[in-house]
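Colleague: I would like to learn how to read the features of a model such as this one, going from the whole chain to single residues. Could you take me through it step by step?

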Amino acid sequence: MKPTLQLKLAQQLKLTPQLQQSIRLLQLSTLELNQEIERIVQENPLLELREDWNTSATDCSPMDSESSDSPDFENRPAEMASSSEDKVLPEETHKDDFEWPQENLFSYGAYEDDDHDAPQIPAKPISLREYLNVQASCLNQISERERRIIGLLIDSLDDDGYLLQPLSELMEMLPAELGISLNDLQSALKYLQRLDPPGVGAHDLQECLALQLQALPDSMAHRDQALRVVQEYLKILASHDFIQIKKLLGCDDQSLRAIQKLITNLNPKPGAEFSSQSARYIVPDVTVTKKNGVWVANLNIDALPKLSINHLYANILRQAQHNSANTLANQLGEAKWLIKNIQQRSSTILSVANAIVARQQQFFEHGEVAMRPLVLREIAETLNLHESTVSRVTTQKFMHTPRGIFELKYFFGSHVSTDSGGACSATAIRALIKQLVQEENSKKPLSDNKIANILEQQGIVVARRTIAKYRESLLIPAANLRKSF
């Protein structure tokens, strides 16, 4: 990982290696910390990761300089998260709002034999290119040359299944000795676009949707009308100008609803289901529970591997009397500092988390609408820490709550004044906007001005442009795009 600006600054100020390490560990996420520790353990024989530690006896309190020399320091574990992972789904890019569930017709895996006790090996996910090449190999009506040209087009597809490069440009890139003409590419593309999943090989979204509609049975209701909308009026449909579309098609509301449903059920990214992109995971650093009527934070102890001193090498070091023991002595000192810094990291995260929870009790009781304004300086002054330290602690550190998993930074936000002289957090205002939109009449959606007026009636004065900014941050379309019929 590249050193951050803060770490570079620490190096320029000639801070001690131990302090530099403390800064670096504090800014790592839990998963990054795991990877860093695994690397260090491989390099330092005085360190070991143990899975048999009794976590109930773990002491995660900060340690002073004298504790590193205490007899039981080497036996004390430093803890970090490695399991209890909560998946975060990758965000969709453009070409969204369409869904078409598909199932692979082919899959690769180990052959199951009931007569043998061989371990079951998970099937390797098939890629889009493999899937298409298998189908192309089954096309008996084409020559081997045509099959190879189809394979060339398959290799030119992007991960979503689109052929973004024009055929003319692709032909110019091919060696002349291959003798592949533009007609050859166009013929091969027609075969490619008949393969599964429907829509593969399209040049743009409009063609992708049209290919999928053309693959449907001719007898399907409203298929031809939906195809006409996609080919001629897709932009009008996207702008939700339903009155104009009804005039152009000469249909009623019921038919237009069926046409719209047919189109929105199509898949704008037919190749995405074959993507091998790894899912991102997060590990909560703290959990929030209610005790005696008060919400409190606790370290996520159960998910933490334990780091300790390797007693075998430590005993060798104690008995050694020659110069070669200097290397082990240095590694022992580094191991002790690492354990101390990890414990200090856990202690700091827990202190900041509890300070946040103490100020956001109403959030845990009532949700986002009860979030109070909070800034880094307030936590820093309470804990006698520097704001930069609080910023590092709250970045890529996560809190598991009954309301979901949140980054610690989520609980900070600017404030908006109210008529009563108080303040309302930006997070609470976003929650109110989201709630108003969810409850609005879809035939007459609320404009930004109307939302501002409703909030003003509740004593929260917010400008229209601020409402628009918050609405866009929530990925809520403008009122005209939310309108239905």
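Colleague: Among contacts in the chain between residues at least 6 apart in sequence, what percentage join residues at least 24 apart?

Modeller: The share is 68%, where a contact means heavy atoms within 4.5 Å. Please keep in mind that this is a predicted model, in which local features need pLDDT of at least 70 and side-chain atom pairs count only at pLDDT 80 or more, while totals for chains, interfaces and linings use all residues. Residues are numbered from 1 along each chain as its sequence is written, and side-chain values use heavy atoms, with hydrogens and water left out.

Colleague: How many helices and strands does the secondary structure come to?

Modeller: There are 21 helices and eleven strands, taken as DSSP runs (H or I of at least four residues for helices, E of at least two for strands) and numbered from the N terminus. Of the 485 residues in the chain, 42% are buried, that is, under 20% relative accessible area with a 1.4 Å probe and protein chains only, whereas exposed means over 50% and partly exposed lies in between.

Colleague: How should I read two packed helices, and at what angle do the axes of α5 and α7 cross?

Modeller: In general, two packed helices are described by the angle between their axes and the distance between the axes. Here the axes of α5 (residues 144-155) and α7 (residues 182-192) come within 9 Å and cross at roughly 75°, the axes being lines fitted to C-alpha atoms, for helices over the stretch in contact, with angles from 0 to 180 degrees between N-to-C directions. That makes α5 roughly perpendicular to α7, a label for angles of 65 to 115 degrees, whereas under 35 counts as roughly parallel, over 145 as roughly antiparallel and the rest as oblique. Ile149 and Leu153 are among the α5 residues in this contact, and Leu185 and Leu189 are among those of α7.

Colleague: Which residues of α11 are buried, and which are exposed on the other side?

Modeller: Phe242, Ile245 and Leu249 are buried in α11 (residues 242-249). They lie on the same side of α11 because they cover an arc of only 60° around the axis, judged by the directions from the helix axis to the C-beta atoms. On the other side of α11, Ile243 and Lys247 are exposed, while the buried residues pack against α9 (223-232), α10 (234-238) and α12 (253-264).

Colleague: Where is Leu227, and is it buried or exposed?

Modeller: Leu227 sits in helix α9 and is buried, at 12% relative accessibility.
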